Amino acid sequence: MIVVAGEALIDLVPQGAGALAALTPALGGGPFNTAVALGRLGSPTAFCSRVSRDAFGEALLDRLRDTGVDVASVQRGDEPTTLAVATVGADGSAAYSFYVEGTADRLFGTPEALPAGTRAVSFGTCSLVLEPGASAYEALMREASARGVFTALDPNIRAGLIADTDAYRARFRSWLPSVSLLKLSEEDAEWLGGSPREWLAAGPAAVVVTQGGDGLTAYTRDGGEYAVTGERVEVVDTIGAGDTVNAALLHGLSERDALSDEGVAVLGAEGWESLLRFAARAAAVTCSRAGAEPPYAHELEAPETV
């Protein structure tokens, strides 16, 4: 079981140009997208979050259930669902404005236990910023790591939500001893400061940096550096692409029985390049269609890249 911990929200996606373009609601949130992508790839997955009882919340849970994701660990609340208003650039890249005050997901409380059979837990995005839920997710990360559970982190920076940048950067560094796999975009890396080698020295077994259409690079504790180019597609938008990479990496590691620091350490060049190619292909499929619509396993090359 791979557990994804974090927010589920509604993206409001413009259907045209200009500030007053019609907005269409879409199911989203980085962790939510990662859970859906894992489910579509065929990994046993559970979602750990707090979701509103409103109509949006019910739609989010329905999507998870339809994808085969276990929602037994989802907490519920009467507060509204968080909204994220997307702005899509000419190159398909997305930026967001958030409506988060008094919403259900930020009131997440640390669960007493993770689902039985949990092998990995994935964290990231708004859930690690917005209090009081951020502290609860942080506690869950530290507890899982202390018990030897493989932990993945995608900070997925949303700068508009971060009131104190220095405090957040310090907090990010404090998480690294509890992180097995750190995945982040090159934009996130620049915003956070530091380098893959510095982050590796603080704790993770591997760091994966995404460079959009240019591909992905993995860095490992033993000095390894493995890179693949991106798959060329006609980009509709990039919503959910990074979340798909998270899922593809976790799914691929699970398929290789490598959801451990030791497993990551012995992948080697061939293993890493195969895993990164699989992640690049999965992200390309997501970019080729509107919204966060990650691929199903049958849409990707198999068995060579899985």
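This is a predicted model: local features need pLDDT of at least 70, side-chain atom pairs count only at pLDDT 80 or more; totals for chains, interfaces and linings use all residues.
I began with the α7/α9 contact: on the α7 side I find A241, T244, V245, A248, L249, H251, G252 and L253, and they meet L275, L276, F278, A279, A282, A283, T286 and C287 of α9. Sorted by class, this contact has 12 nonpolar and 4 polar residues, with no charged ones.

Next I looked up the geometry. Two packed helices are described by the angle between their axes and by the distance between those axes. Here α7 spans residues 241-255 and α9 spans residues 268-287; their axes come within 8 Å and cross at roughly 145°. I noted the crossing of α7 and α9 as right-handed.

**Rings**

How many aromatic pairs are there? I get a count of 5. For each pair I want the distance of the centres and the angle of the planes, since that is how a pair of aromatic rings is described.

I took F32 and F47 to start with. Their ring centres are 6.4 Å apart and the planes stand at 85°; over 60 counts as edge-to-face, so that is what I call this pair. F32 belongs to helix α1 (residues 30-41) and F47 to strand β4 (residues 45-48), so I have a link between distant parts of the chain, 15 residues apart. Are these two buried or exposed? F32 has 1% relative accessibility, so I put it down as buried. F47 is buried as well, at 0%.

Then I went to Y168 and W191. The centres are 6.0 Å apart with planes at 65°, so this pair is edge-to-face too. Y168 sits in helix α4 (residues 165-175) and W191 in helix α5 (residues 186-192), so the pair ties together parts 23 residues apart in sequence. Y168 is buried, with 5% relative accessible area. I also find W175 here: ring pairs link Y168, W175 and W191 into a cluster.

I checked T24, which is in strand β3 (residues 23-28). Its relative accessibility is 36%, so it goes down as partly exposed. Leaving out residues up to four places away in sequence, T24 touches D11, L12, V13 and Q15. For D11, 13 residues away along the chain, I get a C-alpha separation of 8.0 Å from T24.

I found T67 in the loop between α2 (55-66) and β6 (75-77). At 14% relative accessibility, T67 falls under 20%, so I count it as buried. T67 touches V36, G39 and R40, again without residues up to four places away in sequence.

Most residues other than glycine have a negative phi, and most peptide bonds are trans. I went looking for departures.

- Which peptide bond is cis? I have one between E131 and P132, with omega about 5°. P132 is placed in the loop between β9 (120-124) and α3 (133-146).
- N156 is not a glycine, yet its phi is positive, near 45°. I place N156 in the loop between β10 (150-154) and α4; it is buried, at 13% relative accessible area.
- D257 also has a positive phi without being a glycine, about 55°. D257 is in the loop between α7 and α8 (261-265). With 61% relative accessibility, D257 counts as exposed.

Terms used. Residues are numbered from 1 along each chain as its sequence is written. Side-chain values use heavy atoms; hydrogens and water are left out. Axes are lines fitted to C-alpha atoms, for helices over the stretch in contact, and angles run from 0 to 180 degrees between N-to-C directions. Helices (H or I, at least four residues) and strands (E, at least two) are DSSP runs, numbered from the N terminus. A crossing is left-handed if the near helix is turned anticlockwise from the far one by less than a right angle, and right-handed if clockwise. Contact means heavy atoms within 4.5 Å. Ala, Val, Leu, Ile, Met, Phe, Trp, Tyr, Cys and Pro count as nonpolar, Asp, Glu, Lys and Arg as charged, and the others, Gly among them, as polar. Rings of Phe, Tyr and Trp (its six-membered ring) pair if their centres lie within 6.5 Å; planes under 30 degrees apart count as stacked, over 60 as edge-to-face and the rest as tilted. Buried means under 20% relative accessible area, exposed over 50%, partly exposed in between (1.4 Å probe, protein chains only).
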